[in-house]
Amino acid sequence: MKKLPDRRGFLTMGALGAAALLGGCTSAGDAPATAPNGNPGARDNLLTRGPVAPDGEFSGIPTAREIRAQGRLVVGANLAKPLMSERNEINGEFEGFDTTLAKLLAKYLVGSPATEVIPCSADTKEPLLETGVVNVVIDTYSITPERAGKVSFAGPYLAAGQAIATLKTRTGITGPADLGRATVAVVSNTTSVDAVRQFIPTAAQLVLPASQDCVLALEQKRADAYVHDLVVLAGAAHLNDHLKVVGKPFTNEWYGIGIRHGDNAFKNAVNAWLRQIEDLGLWAEAWRQSLGTVVEGGVPAPPAVGSVPGS
């Protein structure tokens, strides 16, 4: 089995603290989970129904064999994205749509939902994959042709798009056309930067390191609006009563599961798993327990695997 590289050089002190705080939360937890919809044990029930690849399934897939041998899936993820990957303050477990998919994938590969989470940011996802520090990145990772030259993407597993958040006290902003003379906060090295440049070219961009910085900029009135993926904004509004998401997404984007570039055998295995959980209704249940608690309109149809350039 290939030895995993030393990860210490990739973690900041803050990330080390977060990783230490996870402890048992990064593996199959013993505490009963409570989904955001208040149904005790709902997430654990979902994981129990997750498929496991049979012995021999990975005979021609070295990466999958290594993951099964190491007994856990090493995942790159942001640990503070409400509804996608966040810590439940009641039981200490991490939960959300991306977290649930990571645990389901771990169960398929390993036989149990055992995951080790390496905190990552928009700037570190590709280096973590390239160096083998993580097996996959499941972290609202938008598929783009440019990124596909550095990373292989399984999926897409979720359709998203750029949207706009403002303070609830702010009026007169309903879409990109209202932001021509505004200051718009965006997270560095995300597709939001290019989206604002393309669709709101006369806006002044305030480029900040993380989502929480953009929310703070709104509250401090250093920015008039915050543009990011819809699900990220939904999570921010879920936590902060001062925010609202206005209008509908003004771009079409798709999230993929990041894999080391060129590992097509493993990518095909992940795609096969993704189709299985969609057919079993587990994808829809993961949506209901997370994004479905705040996003109206019912459970959407998952995007077709391989339907996006770069996937």
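Guide: Helices (H or I, at least four residues) and strands (E, at least two) are DSSP runs, numbered from the N terminus. This is a predicted model, in which local features need pLDDT of at least 70 and side-chain atom pairs count only at pLDDT 80 or more, while totals for chains, interfaces and linings use all residues. Residues are numbered from 1 along each chain as its sequence is written, and side-chain values use heavy atoms, with hydrogens and water left out.

Leu216 belongs to helix 8, residues 211-219. Its relative accessible area is 38%, so Leu216 counts as partly exposed; buried means under 20%, exposed over 50%, and partly exposed in between (1.4 Å probe, protein chains only). Ala185 is 31 residues away from Leu216 along the chain, and their C-alpha atoms are separated by 9.8 Å.

Two strands pair if DSSP finds at least two bridges between them.

Strands 5 and 12 run antiparallel and are joined by three bridges. Tyr141 has Gly256 of strand 12 as its bridge partner.

Eight aromatic pairs are found in the whole structure. Rings of Phe, Tyr and Trp (its six-membered ring) pair if their centres lie within 6.5 Å; planes under 30 degrees apart count as stacked, over 60 as edge-to-face and the rest as tilted. Tyr141 and Phe153 form an edge-to-face pair, because their planes stand at 70°, with 5.0 Å between the ring centres. Tyr141 is in strand 5 (residues 136-142) and Phe153 in strand 6 (residues 151-160), so this pair ties together parts twelve residues apart in sequence. Both Tyr141 and Phe153 are buried.

The pair of Tyr157 and Tyr255 is tilted, with 6.4 Å from centre to centre and 45° between the planes. Tyr157 sits in strand 6 and Tyr255 in strand 12 (residues 253-260), so the parts tied together are 98 residues apart in sequence. Tyr157 has a relative accessible area of 0% and is buried; Tyr255, at 0% relative accessibility, is buried too. Ring pairs connect Tyr157 and Tyr255 with Phe97, Trp283 and Trp287 in a cluster.

Helix 10 packs onto this part. Its buried residues, among them Phe266, Trp273 and Leu274, pack against strand 5, strand 6 and strand 12, as well as helix 3 (62-70), helix 4 (97-110) and helix 11 (282-289). Contact here means heavy atoms within 4.5 Å. Helix 10 (residues 264-279) has 16 residues and should span 22 Å at 1.5 Å a residue, which agrees with the 23 Å between its end C-alpha atoms; the expected span is 1.5 Å times one less than the number of residues.
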